[in-house]
Amino acid sequence: MTDSLLKSLLPWIYLALILFCFLMVSCASVDPVNSNALQDVQWNLESVQLQGGEALVPVPGEEYFLRFGSDGFLSGRVHCNVINAEYGASDGELFVGPVAMTRAFCPPSAVADAFLSGINRMTAYRIQEDRLFIILAGGGTMSFIRAPGQ
């Protein structure tokens, strides 16, 4: 190959490599779940605090919870809607895939907006007794309590 042909193909080669890497990352399956303490428990939201914001707590009558299944799927309730997503958890790290949600008409709620934003930014977790603390990318935390009888 001549130098000029190689130079003209170089941007296309870089683009192909970038697209290949993106494809490999986006098609990768979620890591297997290996945290038994996190799994198969209903975790009721106590508060959510996004970076720089105040801590928000659910209003009585609104329902917010998550359940991390042993099958690698997350389910939950966001006010009057139901959510599902694939997730992975390992050594305190947490990854949640794209979230599917029903679209029932709920009254406006700052807690619901913050909760959904937090779900999409989960990066790490810690469990202390009957409490679950989730760290959010970019700052912020969500705190949960184990549902009674769980």
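Which residue in β4 stands opposite Ser-75? In this predicted model, the residue is Asn-84.

Start with strand β3, residues 73–78. Strands β3 and β4 run antiparallel and share six bridges. They form a hairpin with two residues between the strands. There, His-79 adopts a positive phi near 60°.

Now follow β4 to its other partners. Strand β5 covers residues 93–96. Four bridges connect β5 to β4, again antiparallel. Ala-89 has Leu-94 in β5 as its bridge partner. This hairpin also has two residues between its strands, and Asp-91 in the turn shows a positive phi of about 50°. Strand β6, residues 100–101, is joined to β4 by two bridges in the antiparallel sense. Here Ile-83 faces Met-101 in β6.

The structure contains three aromatic pairs. One of them is Tyr-64 with Phe-115, edge-to-face, at 5.5 Å centre to centre and 80° between the planes. Tyr-64 sits in strand β2 (residues 64–68) and Phe-115 in helix α2 (residues 110–119), so this contact ties together parts 51 residues apart in sequence. Both Tyr-64 and Phe-115 are buried.

Phe-68 and Tyr-87 make another pair. Their ring centres lie 5.0 Å apart with planes at 70°, so the pair is edge-to-face. Phe-68 belongs to β2 and Tyr-87 to β4 (residues 81–90), and 19 residues separate them. Phe-68 has 0% relative accessibility, so Phe-68 counts as buried. Tyr-87 is buried too, at 1%.

Tyr-64, Phe-115 and Phe-144 together form one aromatic cluster.

Key:
Residues numbered from 1 in each chain as written. Predicted model: local features only at pLDDT ≥ 70, side-chain atom pairs only at ≥ 80, totals over all residues. Heavy atoms only, no water. Phe/Tyr/Trp six-rings, centres within 6.5 Å; stacked < 30°, edge-to-face > 60°. Buried < 20%, exposed > 50% of the residue type's maximum accessible area, 1.4 Å probe, protein only. Pairing = 2+ DSSP bridges.
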